[in-house]
Amino acid sequence: MQLNTRTWGSGDKSAVLVHGIMSDSRTWRRVGPALAERGYRVVAVDLRGHGASPRGEYSPALFARDLVDTLTERADVAIGHSLGGLALSLAVDRLRPCRAVYCDPVWATSAPDGRVNAAAFVEGKRATREHIARLNPRWDEADIDTELATLADWDPDTAHFLGDRPLLGFLPAQPVVPSLVQLADPSFLIGPEDAAHLRKSHFEVRTVPKAGHTIHRDDFDGFMKSLEGWI
């Protein structure tokens, strides 16, 4: 599957951005231009079932395969958030970016049975501006506008794979390329034990203080500062 892409910049370095579930490439509206100002050619994808990309069957393996089919150039840095972090981690051995950044990736969950409530994601399709603002008090109006637009273009069937099996077994044993893991504060996906495992396995792990799951929208400045040495 060829994914829809959005681009910024024309520098000598290249960057890839992969969004999380319910979102699309528009979530990177500040990150893309910021990387372009630092000399990157930036490509952000819409995962299948999101934005302007085609619909189809949905699974972590298919999200990853689409990245490989679409992103033919080796990137200097690849950044994946949430579901995008999971897809990137499953494709990184084929994409082989010079560096990888996983932003609060969906590698685990704090739920006792390891399952994610897919129905809650589907219900989120109908979120109102007021509801989004209440859940994300640090977002500005443009982020809320973007969230409403991306929800309108999101296929909620993408969430169903989350309820079919426990969200277990995705925590990488070791990095394929030099890798940074950015964590929300607190992260409901990567707990202290998992973070310790990642550090022992030679991932660099950084927490963005007081940032929610969508770090780049909750605290853009903190997000960019956390990337120092990686971009």
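A: Let's begin with a definition. Helices (H or I, at least four residues) and strands (E, at least two) are DSSP runs, numbered from the N terminus.

Q: Where is Ser-187 found?
A: Ser-187 sits in the loop between strand E6 (179-183) and helix H8 (192-200). This is a predicted model, where local features need pLDDT of at least 70, side-chain atom pairs count only at pLDDT 80 or more, and totals for chains, interfaces and linings use all residues. Residues are numbered from 1 along each chain as its sequence is written, and side-chain values use heavy atoms, leaving out hydrogens and water.

Q: Is Ser-187 buried or exposed?
A: Buried, with a relative accessible area of 15%. Buried means under 20% relative accessible area, exposed means over 50%, and partly exposed is in between (1.4 Å probe, protein chains only).

Q: And how far apart are Ser-187 and Arg-48 in space?
A: They are 25 Å apart, C-alpha to C-alpha. In sequence, 139 residues separate Ser-187 and Arg-48.

Q: What about Arg-199, where is that?
A: Arg-199 is in helix H8. Arg-199 is partly exposed, at 44% relative accessible area.

Q: New topic. How many disulfides are there?
A: A search of the whole structure finds 0. A disulfide is a pair of cysteine sulfur atoms within 2.5 Å. For Cys-98, the nearest cysteine sulfur belongs to Cys-103 and is 18 Å away.

Q: Which of these two cysteines is buried?
A: Cys-103 is buried, with a relative accessible area of 1%. Cys-98 counts as partly exposed, at 27%.

Q: Now the whole protein. How many helices and strands?
A: The protein has 10 helices and 7 strands.

Q: How much of the protein is buried?
A: Of its 231 residues, 54% count as buried.

Q: Last one. What share of contacts joins residues at least 24 apart?
A: The share is 72%, among contacts between residues at least 6 apart in sequence. Contact means heavy atoms within 4.5 Å.
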